[in-house]
Amino acid sequence: MIEKEKLRSYAHKLMFDMKEEEYETLQKEFEVILKQMEKIENIPNIKNIKPMTFPFRLDKKRKLREDEIGDYLTVGEVLENAKHQVNDQVKVPKVVE
């Protein structure tokens, strides 16, 4: 089980404010995830399986569409909805140390 103090430390580094009950919920969620990872690790020959790089196989029947240049927003249009702007860029709050 992941200790609450470790979760508090991570939350602090990521600049999250969390209530005590949220840490308890997060602890339970991590417990489920760790159990799932343990089950996956116990699948026979799992180390011989190549990780998926795409959710399904691409072949002649299934292929991705080509990217096409279409309508796009100008810098001004993008910045119209931005609360904070700096040098024609959207300024967002810092989320990590």
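Q: Contact means heavy atoms within 4.5 Å, so what share of the contacts in the chain with a separation of 6 or more comes from residues 24 or more positions apart?
A: Residues 24 or more positions apart account for 35% of those contacts. This is a predicted model, in which local features need pLDDT of at least 70 and side-chain atom pairs count only at pLDDT 80 or more, while totals for chains, interfaces and linings use all residues. Residues are numbered from 1 along each chain as its sequence is written, and side-chain values use heavy atoms, with hydrogens and water left out.

Q: Okay, which pattern does the chain follow along the sequence?
A: Reading along the sequence gives α-α-α-β-β, that is, 3 helices and 2 strands, where helices (H or I, at least four residues) and strands (E, at least two) are DSSP runs numbered from the N terminus.

Q: And is the chain compact or spread out?
A: The radius of gyration of the chain is 22 Å, well over the 13 Å that the globule rule gives for 97 residues, so the chain is more spread out than a compact globule. That radius is taken over C-alpha atoms, and the rule is 2.2 Å times the number of residues to the power 0.38.

Q: How much of the chain counts as buried?
A: Of the 97 residues, 7% count as buried, with buried meaning under 20% relative accessible area, exposed over 50%, and partly exposed in between (1.4 Å probe, protein chains only). Ile2, with a relative accessible area of 19%, is buried.

Q: What does Ile2 touch, leaving out residues up to four places away in sequence?
A: Ile2, in the segment before α1 (4–13), touches Leu7, Gln27, Phe30 and Leu34. The C-alpha atoms of Ile2 and Phe30 are separated by 7.2 Å, although the two are 28 residues apart along the chain.

Q: Switching topic, how many salt bridges are there?
A: The count comes to 6, taking a salt bridge as a side-chain nitrogen of Lys or Arg within 4 Å of a carboxyl oxygen of Asp or Glu.

Q: Which residue does Glu20 form a salt bridge with?
A: Glu20 pairs with Lys4, their closest N and O atoms being 3.1 Å apart. Glu20 lies in helix α2 (residues 20–41) and Lys4 in helix α1, so the pair ties together parts that are 16 residues apart in sequence.

Q: Where do Arg65 and Asp67 come in?
A: Arg65 and Asp67 form another salt bridge, with closest N and O atoms 3.8 Å apart; Arg65 is exposed at 66% relative accessibility, and Asp67 is exposed at 71%.

Key: Contact means heavy atoms within 4.5 Å.
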